[in-house]
Amino acid sequence: MTLPVPAKPSAPAPDPKIAMGWLHTAKFLTTAPELKHLPRLDVPEIAFVGRSNAGKSTCINTLTQQHRLAYASKTPGRTQSINLFTLGKQGVTDAVLADLPGYGYAAVPKEAKYRWQQVMGNYLQTRDNLHAVVLLCDPRLGLTELDEILLDVIRPRVEDGLKFLVLLTKSDKLNKTDAAKALQIVKLQAGGGTVKLFSALKKRGVEDVAQQLWDWAHPVDKPAKKAKSGASVAADPAAEPASDPE
């Protein structure tokens, strides 16, 4: 599937309200129980993942300011399809949100769990236009064993430039001290990656995350710095470029 792609912007959005307005344009595109049913797209795709009951659907609905864009099943873990939502103003799609089913719910049959693990693993490792992953986590639990497995799956792609963010949802359940402590612990668990507190109820971190998603979907190429006159710049073959945690 080919969607019209706008020209690359010359500068990032300076106002989170622009990012919020952009997210409000989210529209359902398709649902796919298997990778072969996903359309091939050439715009950045941002995937939301996390354990069942981590608040993933609520987070997506809050960011897009739509009550039922992302559907939360009455039985956690029962929804086993990837849902795609387009983003873009004036009918031009410039990014896609992917809502991946929650994992780790005990009531789901083992066969379904195994099948979905295979589908999600393949998606995270092979989806060509996957540009970023947002992992949602309950700060009262921290990163669980299943979350750690997911991090291991995407680590090679993160090292190759895949953007990655951990959102500590339901942060309103913690007081200021406990929230700060949970933030530091998950930062260590995530290997120094970007971690943010988020609360759909209190609208905590909503504009910050919206701006982050906008920046990911609208990267701006920075011009190379000019070397000073008379200076010689030698490349160190052993040096590696610094990774962008976001």
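Biologist: What makes β1 and β3 count as a pair?
Modeller: They are joined by 5 bridges, in the antiparallel sense. The cut-off for pairing is at least two bridges. So β1 and β3 qualify. This is a predicted model.

Biologist: Which residue of β3 is the bridge partner of Phe-28?
Modeller: Phe-85.

Biologist: How do you know that β3 pairs with β4?
Modeller: Again, count bridges. There are 5 between β3 and β4 (residues 95–99), and the two strands run antiparallel. At least two are needed, so β3 and β4 pair. Within β4, Asp-99 stands opposite Asn-83.

Biologist: What makes β3 a mostly covered strand?
Modeller: Of its 6 residues, 82–87, 6 are buried. Ile-82, Leu-84 and Thr-86 point one way. Asn-83, Phe-85 and Leu-87 point the other way. All of these are buried.

Biologist: What does the whole sheet look like, and in what order do its strands come?
Modeller: The sheet is open and has 7 strands. Their order is β1-β3-β4-β2-β5-β6-β7, with mixed pairing.

Biologist: Why are β1 and β7 called edge strands?
Modeller: Each has a single partner strand, so one side of each has no neighbour in the sheet. β1 covers 27–32 and β7 covers 194–197. From one strand to the next, the twist averages 25°.

Biologist: In which sense do β5 and β6 pair?
Modeller: Parallel, over 6 bridges. β5 spans residues 130–137 and β6 spans residues 163–168. Ala-132 has Lys-163 of β6 as its bridge partner.

Biologist: Which helix lies across β6 and β7?
Modeller: Helix α5, residues 176–189. Its direction is at about 160° to β7.

Biologist: Is Arg-40 buried or exposed?
Modeller: Exposed means over 50%, and Arg-40 is at 63%, so Arg-40 is exposed. Asp-128, at 61%, is exposed by that cut-off.

Biologist: What makes Glu-45 and Arg-127 a salt bridge?
Modeller: The N to O distance is 3.0 Å. That lies within 4 Å, so Glu-45 and Arg-127 meet the limit. Glu-45 is in strand β2 and Arg-127 in the loop between α3 and β5, so the pair ties together parts 82 residues apart in sequence. Both Glu-45 and Arg-127 are buried.

Biologist: What links Lys-56 to Asp-99?
Modeller: A salt bridge at 2.6 Å, N to O. Lys-56 is in helix α2 and Asp-99 in strand β4, 43 residues apart. The cut-off for buried is under 20%; Lys-56 has 9%, so Lys-56 is buried. Asp-99 has 3%, so Asp-99 is buried.

Biologist: How many salt bridges does the structure hold?
Modeller: 7.

Biologist: Which side chain does Asp-147 join in a polar contact?
Modeller: Tyr-103, at 2.5 Å. Asp-147 lies in helix α4, residues 145–159.

Biologist: How much of the protein counts as buried?
Modeller: 46% of its 246 residues. The secondary structure comes to 6 helices and 7 strands.

Technical notes: Residues numbered from 1 in each chain as written. Predicted model: local features only at pLDDT ≥ 70, side-chain atom pairs only at ≥ 80, totals over all residues. Heavy atoms only, no water. Helix = DSSP H or I, 4+ residues; strand = E, 2+ residues; numbered from the N terminus. Polar contact = N/O pair within 3.5 Å; in protein donor to acceptor, adjacent residues only side chain to side chain. Axes fitted to C-alpha atoms, helices over the stretch in contact; angles between N-to-C directions. Contact = heavy atoms within 4.5 Å. Buried < 20%, exposed > 50% of the residue type's maximum accessible area, 1.4 Å probe, protein only. Salt bridge = Lys/Arg side-chain N within 4 Å of Asp/Glu carboxyl O.
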